[in-house]
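The tour below goes from one selection to the next.

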Amino acid sequence: MKALRSFLLGDAHLARNALPCALLALLLSLSACGPPQSEDPDDPGDGSGGSATSGGDGDTGSGGSMVPQDPNSCAESTPGTRLVRRLTRRELTNTQQDIFGDAASSAPTALPGDAVDRIRLSNDSSILQMTQDTTQAVLDRAEEIATAVTAPESLNSSLPCASSSPDATCASEFIKKYGEALFRRTLDQADLDRYLALYDSVSGASDFNTGLKWTLVGLIQSPHAVYRTELGQGGALTPYEIASELSYDYSASPPSADLIAKALSGELDDPETRYEEAKKLLATERGGEVVHQFFEEWLNYRDILTVSRAKTPDNFEAVRPKMALETRRFLETLLFEKEGNISDLLTANYTIADQELASYYGFSGGSADITQDGGSEVERTYGLGLFAQGSVTGTMSSITITSPTRRGLLLLRRLFCEVPGLPEAINFDLTVSELEGNTTRERLEASHLSTSCAKCHERFDPLGFGFEHFDHVGRYREEEVTDNGSFPINASATVALLDDLAIDGQEQLMTGLSTSSAVLSCVSGTLSNYVYGGQADCRDKDARVRIMSGETSIVDYLAELAREPHFVERK
Amino acid sequence: MNSEAKLQRRVFLKALGLGLTLPVALRFSRMALAATARPKRMILYYFPHGVPNEHMDLEPFLMPSNALFKNYGSDPGGSGSVKETHVVSDYVLNTRSGFNLLDPLAPYKNQLSIVRGLWQPGTFGTHDCIGQILTGDAQFSSLDQFVAKEMNAKSLFLGSVTRVNANLDLTNGVLCRNEAGWRSPENDVVKVYDELFGNVTANPNPDTPTTGDDEFRKQTLDLTIGEVTAMRKAVAGLTQEENKLSAHLAALENIKAQSGGLGPAPGEQCNAAPDIVHLDDFRTQKAEYMSNDGTEYWQDGSLSWRQSEEDHKTNFTKLAESQAELAAYAVLCGQAQVVTIQNAWASADYPVPQILSHRPTDSYHVNISHQGYTGDLQSAMRIDYATVQQWFMQRVARMCEILNQPDPFDPEHTALENTVIYAFSEIGDGDQHTKSLMRMWQGAEPDHIFGYYPAFIIGGGGGSLAPGRLITVDNRPIPDLLLTLAKAMGSSATSYGPLSTGHIPELLV
């Protein structure tokens, strides 16, 4: 019993390691396996994410697949359905910032975060809703902004007629100015009449400034401001819709006057023009943030800043923030400077580090403090690609030991688009005392792979075994040090998802994954869904075929999605 | 002095004792006379990770040798179960183990009812039951939103939850929802405090919305409602888009109905802002950490390990302490009629060194709550688990303490007698994740226990609850309890979502 408790409490605590296979019923109905364990909420990529996630609708927790359709099975690229897309929090904030400047940046109310889908990615139009909290926050911010904008000293400088002739004509000018900016199109007479009526009613009971204040509140919270439509007319999106689509998809910002003009003149009907505009937008700071947001959500690597870890090196707390910066800088370098493709993402043999971080990993080199804009390219002596980053391996671990199951699940979700679900029943017949082994891997093999749990775990635990040379805080090790002694690491595995490829170590694993058509399809499809705002088939055939064949970089691929017919048509 | 004058004088003096101004105290005293029905409030108090049942089970103990419950727990929802209800009106707060996580509520025992034997009939399996525990099926409105809408009452939703990249965790973090979707709790106690009590001074805040602003806001909301309605019409046939816009409409209508937000209604002001524990600390921290673009939730950081902090994750316990007091005072002062506190999210894994100092790095979910019952009623690990859950009961006791004074709106009764506090968790046994009344046969028969959901109801519900009872049911669906509590709050609903079967009359007067 004492050994059992020690096992439970100490390094070998499986609860954060080994999810009960009953929790990972991948399309199968399993009765039980494993000792009572738990899904780990600090792991956004684990099996617990397979249950209810739709914004507002509860799933049954049955898990399933988010595998995008293979583009080679599509006859051609075909447009998707018509949509009403709520602006994301970033898009709303940027829009208000661009239009109102200081009045927006000083508004104290923060908008709530966006809902995330079953694989914990936001920007899914099907679940991005104006919930009560978002609607309330939009209203609160609207009042704060409108109060600032219509304060006498502000208004008189931004609207000269406010001091000379504060009347309905001046109010119309105000409505047009802000209405067109917020709605991202010209106002029609019905719009103008509607807001003038509100102005008349409020100003009649108060004064000119108050009338304008509440009119502006209405404009800011209007559905024409908080949603961008992809409805079109007769199957073709309107020029205003295309301009908004380009600008928001690739920079999370409202369209510039120049972009709207190009849309109105028909220039954006040309796929090449759209591609070039998309590239320009991605090259901006905000465009870069759109890309970074995807990867932050895809990997949740910023969790390295906050996960609980013990038995760490003395400088781990100092190194944590550097790991997060390292990953961001690595992505910037790979995606934008080196124009890397998916294979590069998975197998790059370098990272970006300063001296302390490089030394932490055991690499040579590294420059000045990465937290002070330092950091330079450093050659890796072990590990390849994005998934070797300390922020990833360190997050996908337990408090004091590694977690091959969590790491394997991360790869399963992110590279194969499979989403394990939760079972309906859990049977705890198997007790921990039945677990054998000296190392974390051996105990997992005993509990997961030699029982009925194997049905699920053999699918992803081997992926995690390939990472066993990475300790729980991202460093390389040849041995696992336990209370019972030191034992050599075994990072070999047979990977069923790669046609039973035999690998030994993370490097061989990532090399195998980088050429897998399933992986290329999953990653490219996930990126496409993120840009287009949700899942659908065959919108992106041409662009995806090219990225999967390695012909294009990831950034180019994102821009090429603007070439597709879906970008300007809807069925 | 006649009885009416006595009542009026008593109310007046009590109101003054609360720090209310003369005019307001006079108004309250007249209102007390004018009131024909007792006020009703509700506080929903969520704590994660269930309970170790051996440390809360009371006599008559649920164990196989007890003939009363011999056949209980055998067939949740099925035809083979007993379906009897057993009631004890004068129960004793003792357990077989000697440790009772309900001990902090002992002073309020005559207001405390416990329901044993509830069942979660939905398909959710483990901690994700958090989404069902107040809704029944994760689709219906949660109890607080349901009641707030029926009462046209102001609701307040406080929480200590983290987010996934600043987004609400829709798997383990969602507790409350209405027609517009899942609600997000407010972590920021400073913001809520200022909203509730920012005007509570001798010199009212000049930025407080005036009556005119409330009317203008409603007009503006009406305009927006019209636009959303028109947009919904324009997308007729696109079901998903129509549903989105319907949810938006529901949100706007709810906001319009509760227009004015939290805080005192015009003419009703509590002129003594209460002292809330730790609030000054939080105010200082907020000024240091908060970034305005909302990408950093300063109180999320306070739930996590932060670099160079000696006392990691301190703020969780401080937050919970603050929010309990805030909730109780909001209710006492009439500034919110329905309050929900979501302490943490399901599977929350941070250490609780403030509660278990001898286990400073052990995580709450994995290390502390996942301790299986092995037949040992004195298991130190299970007592540790019970200690953490008892800590939450101390917060409930603090709320009771604040509310256990004459109700300003009904001084014949205490505010506690006019409130329903429901303390609950998303699972029964923290290790087994029980979601029904279930036998846990471990060890020798005298040590066998049942696992079941914690369901503690404190208060009188404005005269509708029959408090102080130990009620044992045989796997009644949880929506039945939700329906019963809604009825206690004045609802005439006969069902609560698709899974309820009826009221639990033993809880009601």
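Are Cys161(A) and Cys170(A) buried or exposed? Select both: Cys161(A) is buried, and Cys170(A) is buried too, where buried means under 20% relative accessible area, exposed over 50% and partly exposed in between (1.4 Å probe, protein chains only).

This is a predicted model, in which local features need pLDDT of at least 70, side-chain atom pairs count only at pLDDT 80 or more, and totals for chains, interfaces and linings use all residues. Residues are numbered from 1 along each chain as its sequence is written, chains are lettered from A and ligands numbered from 1 in the order in which they are written, and side-chain values use heavy atoms, with hydrogens and water left out.

Stay on this pair. The sulfur atoms of Cys161(A) and Cys170(A) are 1.9 Å apart and form a disulfide, that is, a pair of cysteine sulfur atoms within 2.5 Å. Its S-S torsion is about 80°, so the link is right-handed. Over all chains there are three disulfides.

Next, select Cys74(A) and Cys538(A), which are joined by a disulfide with an S to S distance of 1.9 Å. This link is left-handed, with -80° about the S-S bond. Both residues are buried.

Move to Cys417(A) and Cys522(A), a disulfide with sulfur atoms 2.1 Å apart. The torsion here is about 90°, so this disulfide is right-handed. Cys417(A) and Cys522(A) are both buried.

Finally, go to chain B and select Cys129(B). Its closest cysteine sulfur, in Cys176(B), is 16 Å away, too far for a bond. Cys129(B) has 0% relative accessibility and so counts as buried.
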